[in-house]
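Me: I have a protein chain to go through for class. Can you walk me through it?

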Amino acid sequence: MITAPKLTDSHCHLDFPDFEGELDQIITRAAEAGVHRMVTICTRLRQEPQVRAIAEMHAPVFYAAGTHPMNADKEPLAKVEELLALARSEEHTSELQSLP
């Protein structure tokens, strides 16, 4: 018996205004298409709380915090210590460590 592959969308931007008010439907359609995990990407570190909130509200969604290079000239430089503090405060850290 052949089982359908479990896909991970490793780069999406669920916080973009295009998807406002449609996240539940988008995530449901992704699951129906075989996507069992999504990683929504933060393009500006100051938007990290909003991107994290999306991941916290939707079990199959994880997130990456950072600043996209195209926004680097508009954003303050993140210090390693700040990024480590974000990583340490994550509830998803233990979930990520337990993934197959």
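Me: What share of the contacts between residues at least 6 apart in sequence join residues at least 24 apart?
Reply: That share is 66% in this chain, where a contact means heavy atoms within 4.5 Å. The model is predicted, so to speak of local features takes pLDDT of at least 70, and side-chain atom pairs count only at pLDDT 80 or more, while totals for chains, interfaces and linings use all residues. Residues are numbered from 1 along each chain as its sequence is written, and side-chain values use heavy atoms, with hydrogens and water left out.

Me: Which elements does the chain have, from the N terminus on?
Reply: They run β-α-β-α-β-α-α, with four helices and three strands. Helices (H or I, at least four residues) and strands (E, at least two) are DSSP runs, numbered from the N terminus.

Me: Which residues are buried in helix 2?
Reply: In helix 2, residues 48-57, the buried ones are E48, V51, I54 and A55. Buried means under 20% relative accessible area, exposed over 50% and partly exposed in between, with a 1.4 Å probe and protein chains only.

Me: Where do they sit around the axis?
Reply: On the same side of helix 2, because they cover an arc of only 125 degrees. The arc is that of the directions from the helix axis to the C-beta atoms.

Me: Why would that happen in a helix?
Reply: An α-helix has 3.6 residues a turn, so residues three or four places apart point the same way.

Me: Is C42 buried or exposed?
Reply: C42 is buried, at 3% relative accessible area. C12 is buried too, at 9%.
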